[in-house]
Amino acid sequence: MRNFLQVMVDAIALGSLLALVALAIGLVFGVMRLINFAQGDYITLGAYALVVPAASLTPTLLLGALPVPLMVVGVLLVVVMMALATERMAFRPLRDSDPATLLISSFAVSYFLQHLIMLVHTGRPKSIGIGQALTTPIEVLGLRVPGIQMVTMGVTAALLIALVLFLKRTPMGIQMRAAAENFQMARLLGVPANRVIAMAFVISGVLGGTVSLLLIVQTGTLDIRMGLMPVIFAFFATVIGGMGSLVGAALGGFLVGVASVLLQSYLPDGLRPFRDAFVFGLVIVILLVRPKGLIVTGAARERV
Amino acid sequence: MQKTAVRAFLEKVWPALVLLLPLLLVVVLADLYGSVLFQRTVTDALIKIVLVVGLYIFIGNSGIVSFGHIGFAGIAAYFATWMTCCAMMKPITMTGLPDFLRLETYSLWSTALVSVAAAGLAALVIGLVLMRLSGLAASISTLAALFIFHAVYSNWDSVTMGRASIVGVPTYVTVWVALGGAALAIVVAWLYQTSRFGLATRAARDDEVAAQASGISLYWNRLIAFVISGMVVGLGGVLMVHFQGTISVNAFYLNLTFITLAMLVVGGMRSLSGAVVGVVVLTSVADVFRRLEAGIDLAGTRLSTPVGTQEMFLAALMLLILVFRKDGLMGRRELRFPGARRRTGTAARSSQTSV
């Protein structure tokens with residue numbers, strides 16, 4: 001029983017992290033039908049902003065040398081600026097394209113950013129020690145939980161609540177939900193398209209920056225592909241949850257996280273290396289049973 | 001009688017064959033005067049043509065962007081490796097292989113046939129499931145299929161040696177062999193897109209509802225396109241492994257997927273000529289950048305661009321094409337040459353309609 005609880009804590013911690021990435025992808029998809037694969041590179045970029053560009057394997061800290069509150073704000077700011085820049089330069093001119101074209105363009109943006117980071121920081125993995133105090137396990141109700149897992153869960157909960165309040169209570173949030181429901185109609189009723197979409201990118205940047213900090217504390221390594229796996233899993237999480245539904249995205253994130261940790265723990269030894277294949281297989285199965293995802297929104301319906 | 005049949009066939013494939021003439025010219029020049037490096041670049045480009053034309057057969061005709069086809073290239077390439085590679089090492093390093101692969105080595109022809117068939121079979125099995133989906137859901141699940149391929153092959157240590165490279169695959173692919181592969185791919189693509197199945201798939205691409213109302217089955221027509229393109233991409237994978245002599249699972253992952261898609265997008269997703277033109281253009285660009293990265297002498301100072309600029313330029317070029325010329329350099333047209341009497345009806349008509 002204790003073992004099972006321990007596994008569940010791991011599962012929920014991973015699920016929280018994926019839910020954050022999935023929310024960022026889902027939010028942007030809601031307003032402009034873009035599955036932003038570059039979200040992973042926002043995460044990578046935020047992490048690399050912590051250090052000074054150099055070939056050294058243990059680089060000197062840049063933003064990482066600041067006091068914690070300033071460091072957090074700094075990283076978030078960098079990622080938000082980058083998200084806005086990609087929106088303005090790459091995605092805005094393509095706004096009227098079909099979703100598949102947008103998906104290809106986000107691959108191109110991702111490829112661009114990845115090599116930009118490689119150009120500046122070189123492609124070698126680096127190690128970085130930030131917030132190592134958080135990785136020591138704490139005893140909670142007889143379970144040993146690494147502090148960072150608690151932080152991840154807490155931050156996710158706080159951000160989820162903040163996001164819900166923003167979407168339900170503020171004028172901007174309401175406009176954003178209207179745009180996600182029916183973009184043309186919302187525009188006709190005076191919702192400023194540029195501002196709503198830019199806002200969605202700002203939020204996806206904030207979420208991306210948060211994930212980079214959480215990941216860095218957890219792993220302590222910088223790698224130009226560090227954002228890839230989270231974004232792939234989160235990408236499928238939004239699909240499972242239902243494209244365009246934010247509740248679905250968060251739910252999908254948790255589901256994928258929980259599924260992969262459970263598979264990791266309970267698959268027979270011979271099959272365990274193929275865990276990811278099972279998770280992706282699950283995605284295809286869910287798409288076949290419910291092509292629109294678990295939670296269907298108006299946004300997912302194709303307009304003939 | 002015989003002669004007229006041959007003549008009719010040649011007339012039918014003439015528009016595809018003329019695409020090959022410039023390629024043939026380059027190959028002859030490379031063979032006669034080119035350095036080893038230049039020959040390798042040309043061979044590599046011709047193999048890319050096989051891959052991109054294979055992609056085009058599905059993406060261009062069905063309008064569904066697939067991110068998973070490189071997986072079929074990987075499946076075929078691994079099959080070719082198992083059948084031909086390293087007779088001494090194989091029984092020890094790849095213990096999970098069945099005996100007929102582990103202990104035997106096969107001829108190159110039968111290997112190519114069987115490997116392509118394996119890719120086709122994989123495409124059939126996956127297509128049977130995925131072709132029920134359409135639009136974005138289909139694209140996403142092809143991506144999931146690629147990740148499944150990668151997750152399985154990079155962990156299936158007993159037959160693929162995990163992420164390590166397998167070396168010692170016989171290399172027989174010269175420029176001429178690669179040209180043969182490219183020719184085959186182009187002719188297959190042309191025959192398919194002018195066949196009734198190809199026309200039906202293109203009709204469904206332009207208007208799903210109207211096509212279905214005219215009695216066209218989206219499912220079966222797309223499945224046929226998926227299998228044929230899976231096999232052509234598989235052929236590309238076989239040529240790749242027999243050209244490089246080594247294989248590793250990461251060679252068939254996101255980078256190759258991105259490069260081949262970029263070639264298709266730049267050339268024009270809806271045109272067979274576009275697929276070929278895209279490969280030629282991007283290979284030339286990459287070659288220029290490779291030289292720049294190696295450094296050039298300019299008025300006594302050695303200038304070189306940092307590593308990575310090539311990829312950034314490629315991505316930027318792809319974005320520019322998507323923004324300013326959505327249908328790629330070729331648009332929706334096919335190249336016309338003297339002797340191609342008329343364009344086929346579909347090509348002419350679909351260039352008028354918008355998506």
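User: Why is B:Thr283 called buried?

Analyst: B:Thr283 has a relative accessible area of 15%, and buried means under 20% (exposed is over 50%, partly exposed in between, with a 1.4 Å probe and protein chains only); therefore B:Thr283 counts as buried. A word on the ground rules: this is a predicted model, where local features need pLDDT of at least 70, side-chain atom pairs count only at pLDDT 80 or more, and totals for chains, interfaces and linings use all residues. Residues are numbered from 1 along each chain as its sequence is written, chains are lettered from A and ligands numbered from 1 in the order in which they are written, and side-chain values use heavy atoms, with hydrogens and water left out.

User: Where is B:Thr283 placed, and what is it in contact with beyond its neighbours within four places in sequence?

Analyst: B:Thr283 belongs to helix 14 (residues 272–294) of chain B. A helix here is a DSSP run of H or I with at least four residues, a strand a run of E with at least two, both numbered from the N terminus. Setting those sequence neighbours aside, B:Thr283 is in contact (heavy atoms within 4.5 Å) with B:Thr41, B:Ala45 and B:Met263.

User: What makes chain A as compact as a globular protein of its length?

Analyst: Happy to show you! Chain A has 11 helices and four strands. Its radius of gyration is 19 Å, close to the 19 Å that the globule rule gives for 304 residues, so chain A is as compact as a globular protein of that length. The radius is taken over C-alpha atoms, and the rule is 2.2 Å times the number of residues to the power 0.38. Buried residues make up 54% of the chain.

User: How do you know that the span of helix 8 of chain A is close to the expected one?

Analyst: Helix 8 of chain A has 27 residues and reaches 39 Å from first C-alpha to last, against an expected 39 Å. The expected span is 1.5 Å times one less than the number of residues.

User: And why is helix 8 of chain A called mostly covered?

Analyst: In helix 8 of chain A, 20 of the 27 residues are buried. Just after this helix, A:Gly220 takes a positive phi of about 70 degrees.
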